[in-house]
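Work through the exercises below with the sequence and the model at hand. Try each task before reading its solution.

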Amino acid sequence: MPWSTLLPIRLQQPPVVSDSATNLETITPLRQWIRQQTSSGLTLFQQYTEADRQDVARVSLFVDDMKDIAYTSNNEIHVGGDYIQGITGDIKWDFNGVLYHEMAHIWQWDGSAGTKAPGELIEGIADFMRLKADYAPPHWVKPGEGERWDEGYDVTARFLDYCNDLRDGFVVELNKKMRVTYSDNFFVELLGKPVDQLWMDYKAKFGN
Ligand SMILES: [Zn+2]
């Protein structure tokens, strides 16, 4: 059964974005993209059975009048109308990247059943999923850049990519562990080294 059948997506009417022809062209294909990204999100985290994944029956997309690019809360993805209108390059590519990140938030575990994972790691995992889907935007840091492993977003995503190269499927396994709780020791359990050591190895590999 296709994921789109399991997970019906309801695209809300964009409430704020003006109805100029340009914007309508931007919004209309979103329903299809969302379906694609939903299935991709599941595939990336390898949560193939209902028992493995978050109990999500529906994901809704809203286009809001807000300054933020996007956020996800209660299985709702909210995207800023200003952001969409301000895209100057390939709209579909740009939007897909944002969607991968937000879809990762829908599906990922955060350890909150026990010790909640740091928000920076949560954002790093979401950006890692965007990276692996080949939607890393050009303004992101390069591999090896950044000050701390838990700086969040692109810095953490690049570091997780390094870790994932050390052990194929590392991020998926880390996410699975985070269903129950979070501990930095998960890095030791999966990769045999403390996360701070891994960060130093990572920096050394890229000459930073
Ligand atoms: Zn995020």
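The model is predicted, with local features requiring pLDDT of at least 70, side-chain atom pairs counting only at pLDDT 80 or more, and totals for chains, interfaces and linings using all residues. Residues are numbered from 1 along each chain as its sequence is written.

**Exercise 1. Overall description**

Task: State how many helices and strands the protein has, and give their pattern along the sequence.

Solution. Step 1: take helices (H or I, at least four residues) and strands (E, at least two) as DSSP runs, numbered from the N terminus. Step 2: the protein then has 10 helices and 4 strands. Step 3: in sequence order the pattern is α-β-α-α-β-β-β-α-α-α-α-α-α-α. Step 4: for burial, call a residue buried if 20 or more other C-beta atoms lie within 10 Å of its own, exposed if 12 or fewer, and partly exposed in between, with C-beta atoms placed from the backbone. By this rule 34% of the 208 residues count as buried. Step 5: for contacts, require that the C-beta atoms of two residues, placed from the backbone, lie within 7 Å. Among contacts between residues at least 6 apart in sequence, 65% join residues at least 24 apart.

**Exercise 2. The partners of β4**

Task: Find how strand β3 runs relative to strand β4, and how strand β2 runs relative to β4.

Solution. Step 1: strands pair if DSSP finds at least two bridges between them. Step 2: β3 (residues 70-73) and β4 (residues 76-80) are antiparallel and joined by 4 bridges. In this pairing Tyr-71 is opposite His-78 of β4, and Ala-70 has Val-79 of β4 as its bridge partner. Step 3: β2 (residues 59-64) is parallel to β4, with 5 bridges between the two. Here Ser-60 lies opposite Glu-76 of β4. Step 4: β3 and β4 form a hairpin with 2 residues between them, and Asn-74 in the turn has a positive phi of about 50 degrees. Asn-75 is in the loop between β3 and β4, and its phi is near 60 degrees, a positive value in a residue other than glycine. Most residues other than glycine have a negative phi. Asn-75 counts as partly exposed because it has 14 C-beta neighbours inside 10 Å.

**Exercise 3. Packing of α5 on α6**

Task: Describe the packing of helix α5 against helix α6 by angle and axis distance.

Solution. Step 2: α5 (residues 91-107) and α6 (residues 119-132) pack at about 135 degrees, and their axes are 8 Å apart. Step 3: α5 is therefore oblique to α6, given that angles under 35 degrees count as roughly parallel, over 145 as roughly antiparallel, 65 to 115 as roughly perpendicular and the rest as oblique. Step 4: the contact involves Gly-97, Tyr-100, His-101, Ala-104 and His-105 of α5, and Ile-125, Ala-126, Asp-127, Met-129 and Arg-130 of α6. Step 5: these residues divide into 5 nonpolar, 3 polar and 2 charged, where Ala, Val, Leu, Ile, Met, Phe, Trp, Tyr, Cys and Pro count as nonpolar, Asp, Glu, Lys and Arg as charged, and the others, Gly among them, as polar.

**Exercise 4. Packing of α6 on α7**

Task: Repeat the description for α6 and helix α7.

Solution. Step 1: α6 and α7 (residues 153-166) pack at about 65 degrees, with axes 7 Å apart. Step 2: α6 is therefore roughly perpendicular to α7. Step 3: contact residues include Leu-121, Ile-125 and Phe-128 of α6, and Tyr-153, Ala-157 and Leu-160 of α7. Step 4: the residues of this contact divide into 7 nonpolar, 2 polar and 5 charged. Step 5: Tyr-153 of α7 has a positive phi of about 45 degrees although it is not a glycine. Tyr-153 is partly exposed, with 18 other C-beta atoms within 10 Å.

**Exercise 5. Two residues compared**

Task: Is Asn-96 buried or exposed, and is Asp-134 buried or exposed?

Solution. Step 1: Asn-96 is in helix α5 and is buried, with 21 other C-beta atoms within 10 Å. Step 2: the C-alpha atoms of Asn-96 and Ala-133 are separated by 9.3 Å, and the two residues are 37 residues apart along the chain. Step 3: Asp-134 is in the loop between α6 and α7 and counts as exposed, with 10 C-beta neighbours inside 10 Å. Step 4: the C-alpha atoms of Asp-134 and Trp-93 are 9.6 Å apart, across 41 residues of chain.

How values were computed
Axes fitted to C-alpha atoms, helices over the stretch in contact; angles between N-to-C directions.
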